[in-house]
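Please keep the model open while you read.

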Amino acid sequence: MLRSLVKRAAPKAVVPEPEVLQVPPPLTLVDVEDPAIESRNLSVWYARKHAIREVNLKIQRKGITAIIGPSGCGKSTYLRAINRMNDTIRNCRTTGQLLVESEDVYGPNVDPVLLRRKVGLIFQKPNPFPKTVYRNVAFGIQLHYRATKEELDRVVEAALRQANLWDEVKDRLDDSALGLSGGQQQRLCIARALAIHPEMLLMDEPCSALDPVATAKIEDLMFELKKVMTIVIVTHNMQQAARIADHTAFLYLGKLVEYNVTRELFERPTQELTENYITGRFG
Amino acid sequence: MKPKSRVVRKAKEAGFVIIFLAGIGVALGVLGVLLASLIVTAAPYLTPTLITNYANYQDPTRAGYAAAIAGTLWILSLTLIFSLPLGIGAAIYLEEYSHGGRISRILQAGVSNLAGVPSVVFGLLGLLVFVRGLHLGAVVLAGALTLTILVFPYVVITAREAIRAVPQSIRDAALAMGATKWQAIRRQVLPAAAPGLLTASILAAARTIGETAPLIVIGAVVLQTFLPYGPDSPFVALPVQIYAYIDLPGPEWQGVSAAGMIVLLLILFAFNAVAIVGRNRMQRMRW
Amino acid sequence: MRAVGGANADGTGAPLASLEAKWVWQPGETLVRTLLFIAAAFAIIATFAIVFALLLDTVIFFGRVSPLDFYTGTKWSPVIDGLYGVLPLIAGTLLIAGGAVVIGIPLGLSAAIFLREYAPARVREILKPVLEVLAGIPSIVFGFFALLLVSPTLKAWFGADYFNATNAIIVIGIMVIPIVSSLSEDALTAVPTDLRDGAFALGATRFEAMGRVVIPAAFSGIMASFLLAFSRAVGETMVVLIAAGENVNLTFDVLGPMSTLAGDIARKATGDLPVGSDLYRSLFAVGFTLFVITLLINLTSDILRHRFREAYD
C-alpha cells in the first residue's frame, strides 16, 4: 500500500487546463486620445503557453489605469511587457507592438535599460535591497548620475517626501530597510522608483501584501502621483480599482474582455463575463 | 491477513534510534580519543621552536616547521588570488548568465567532474604542465597554480550556492530601476551574497591548506632551511613537512609530526569557525 | 527615446537635470559576459589539460610496455624487476575503497536518516558541524591516526602487519561518512513531504515511512552519494601512502601491506625521478588508469543524480 505512494510521485504533476469559458471579442468602450502607452495586437508566450492574446489597449496619460482579472489571466504579464521585464524570463516571447510615447519598445534599437529608467515598476511584494533606507533610494541615482553627496541627499529627500515617507524615516536613513514595516517598505520601493523621475509607474498588485491602513496611504500617494505621471496598476481587488482608477481593463485568459471608464465598467458592464466577474461569480 | 504487532513495529523504531545513538556515542568517543592521543603524542614537542626552527631529521627536539608554515601561507595566498576570481566568476556565469542550454550543461558537467578528480592526478598535471612544461620548477607558483585547478570546482560549487540564495526579487528590483545586468549583479547580487562568498573562500582556503598529495608529486622540498622568498622560490608546505616526519622511524618523530598536525588543525579550525559563523549569519538574514 | 527625467518636474522632485549623467561604456556588458564565460569554461579547459597531460606520457609508455602486459600483469615491481603489471594496484585500490564504503555507507546513511527524521533541532545543530569538521580534517591527519591507533590495535587483536590494508579501509571508511551523510540527507530532503505525510496518514511509523517510502523515493540520489564516496575512496592518497604500506604482488590479504594506484603515484613521485624514464612515464599511465576509473564512477553518479532531480523538479 505504501509502495503505491512512491510510484505516484514519479510522473510529473499534470496541470489541468483551466475550464475554458467562452471569451467574447474584446469590447473597448473608451477612446483614449494621445495615449502614453498603447499595445497593438500584443501577444506574450511563455514557452508554449500563450499568456497574452492579441491585446489592444490605449492607456491614458497622467491617469490611473487598472487592469483587473482572475489569477493567471495574464495581467502581471501584460504589465511587465510594458517595461520589458519579461525579457529576464527565459523562453518568453513577445509579438505585436507596444508603444510607449508612440515608440515601439520591442522595435529595433530600443535599449530596455533606458526604457526601464523611464517606466518604473513596483512589485507585488515589497523588495527593498538589503541595505540602508538611504542606499535604497540612492541606488538608481548612483546608477545613472554622478552626484555629489549634497546632490544625492537632496534627491533622496525629495523622493522620500514625494512618497510620503520622509517624516517616518528621516531619523532612520542609515538603518536597514528590512526593518521597516511592510507598508513603509512598499513606499520605500516607490520612493526608490521616483528618485530617477520615471514618466510612468507600473504597479503590480502593490497593496496585496499590506494591511488596509498601509493600503490607504499608498492609494493616497497614487492620487498625488497621477497629477504628474501615468500609472498602470494591476489588482485583483475590485474595490481598489473602483476607488482609484480612471479607466479599468478586464482581462480573462490572456484576452481583453472589456475596457471602459471605471465607473461605467463596474456599474454597467456590457459583457456577461465582466458582470459575472465583478459580481464575484468566479475568479 | 494477520496484522503486524504494534509493539514489534515500535520496537523496531526504538531499536534504530538506540543503535544510532550508540553509534554517535562511539563515533564521538573515537574522535575524542583520537584528538586526545594526538595532543598527548604532540605535547612534548609543542614548543615555540616548533614554529621557528627549520626541518631537521637528526634531532627531534630541534625539528620545526618554520619554512613549512611560511610555504603554506605563500601557497595559500597565491592560490586564493588565482582561484577566487576565477571560481566566483564561473559561478556568476553559471547562475546569472547561462540559460540551461547544452553549453551550460557541458560547463556544469565540467565543474562537477573536475571536483571528482583525485587530488594526486592534479599533482601529475602540475608536474607536467607547470614544473616541466613551463619550466617553473618545483616552486611556490607551480604549487599554487596546481592547487588553483584543484580548488576551482569547490569555489564554483559553494559560490553558486551563495549566489542562488539571493532572492530573485533583488535582481528584478535592480533591473526595473534601469540597471544593466552586470550593474544589478555587481551592486546588489554580489553584496547580498557576500557572506556566502566569504564562506566559499574560507572553505577553499581550508582545502588548500590541507592538500598534501599534489604538492608531494610536483616535488615540494622536504629539507628547506630558509623561508620562501617569492613565487619563484622552492617551497615546502605544512602537511608535506608533517608527512616527511611521519616517514621517519621512532615515536619521537611521531611526536614531531603530531605537533605539526596540531598547528595545522588549529589553523583549519580557525578557518572553519569563521566559515560557520559567516554562514549562520547569512542564514539568519531575512529578506 | 526621449530624454529621461524632467517630465514630472512638479517642484517636489529635485532637479535631476542638474546632475551629470553617468557615461556607460556599452561594450562593457559583453566584455564582462565573455570574461565570466571564460572563467566558467576553465573547468573544461582543465579537464582537457588533464587528459592531455596524462595521455602524453602514457602513450609513449605504452610504446615501451604493451598495454596488454600493463593491464594483465600481476606484479608491480618497476624499480627492482622492471615489471609493470598494474593489477596489484587496481585490486588494492578497489579492495581498500570497497572495504571503506562498506564501513562508511551504513554509518553515513543512518546519520543522514537520523538527522533528517529523528534528531531534535539542538542535536542537529551540534551534529552537522561535527560532520563538517570531520569532512574538513586533512587526510594526512587521518593517515596518522591510522598509524597511531588503528595499526597497533589490529596488530594486537589480529596479528596484522604494521602497515596493512585494513588500516586504510577503516580510516577511509570514517572519512567518507560526511560525504554519504550530507549528500543522502539532501536526497532525503528533496523527497516531497506530502509523500511522507501520505505514509503517516496510512498509519506508518517514522521508521516505516523512511524505509518504505522516503528511501525508495530518494534511492537514485542516495546511490549517487554512495558512488561519490566510493570515488573519493578510490582517489584517497595520503592515508594509503602513510598506513597501507607497499606490496608488489597481487594480494587479497587485508591484514598485510597493499599498494593502490593513488598511493603508488605519490610514493614513486617523491624521489628525484629521472624525467623520461620508464618509471616516470609509468606514473602517468597509472594516473590515467586512476583518472578513468574515477571518471566512470563520477559519471554514473551524475547520471543517477540527474535522474533523481528530474523526478522531483
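Let us begin with B:Val221, which counts as partly exposed because its relative accessibility is 30% (buried means under 20% relative accessible area, exposed over 50% and partly exposed in between, with a 1.4 Å probe and protein chains only). Everything here belongs to a predicted model, in which local features need pLDDT of at least 70, side-chain atom pairs count only at pLDDT 80 or more, and totals for chains, interfaces and linings use all residues. Residues are numbered from 1 along each chain as its sequence is written, chains are lettered from A and ligands numbered from 1 in the order in which they are written, and side-chain values use heavy atoms, with hydrogens and water left out.

**Two residues of chain B**

You will find B:Val221 in the loop between helix H9 (213-218) and helix H10 (238-246) of chain B (helices are DSSP runs of H or I with at least four residues, strands are runs of E with at least two, and both are numbered from the N terminus). Setting aside neighbours within four places in sequence, B:Val221 has contacts with B:Pro234, B:Phe235 and B:Val236 (contact means heavy atoms within 4.5 Å). B:Val139 is 82 residues away from B:Val221 along the chain, with 9.1 Å between their C-alpha atoms.

B:Leu203 belongs to helix H8 (residues 181-210) of chain B. With a relative accessible area of 36%, B:Leu203 is partly exposed. Apart from neighbours within four places in sequence, B:Leu203 is in contact with B:Thr158, B:Asn272 and B:Ala275. Between B:Leu203 and B:Thr49 there are 154 residues of sequence separation and 29 Å from C-alpha to C-alpha.

**Domains of chains B and C**

In chain B, the contact takes five residues from domain 1 and eleven residues from domain 2. In chain C, eleven residues of domain 1 are in contact with ten residues of domain 2.

**Chain C as a whole**

How many helices and strands make up the secondary structure of chain C? There are twelve helices and three strands. The radius of gyration of chain C is 27 Å, whereas a compact globule of 313 residues would have one near 20 Å (the radius is taken over C-alpha atoms, and the globule rule is 2.2 Å times the number of residues to the power 0.38). Along the principal axes, the C-alpha atoms of chain C fill a box of roughly 95 × 60 × 35 Å.

Of the 313 residues of chain C, 53% are buried. In chain C, 72% of the contacts between residues at least 6 apart in sequence join residues at least 24 apart. Chain C exposes about 13400 Å², with 66% of that supplied by carbon and sulfur atoms (areas come from the Shrake-Rupley method with a 1.4 Å probe, and for residues only the protein chains shown count as cover).

**One residue of chain C**

C:Arg281 sits in helix H12 (residues 278-312) of chain C. Is C:Arg281 buried or exposed? C:Arg281 counts as buried because its relative accessibility is 15%. Not counting residues up to four places away in sequence, C:Arg281 touches C:Asp57, C:Ile60, C:Phe61, C:Arg64 and C:Gly276.
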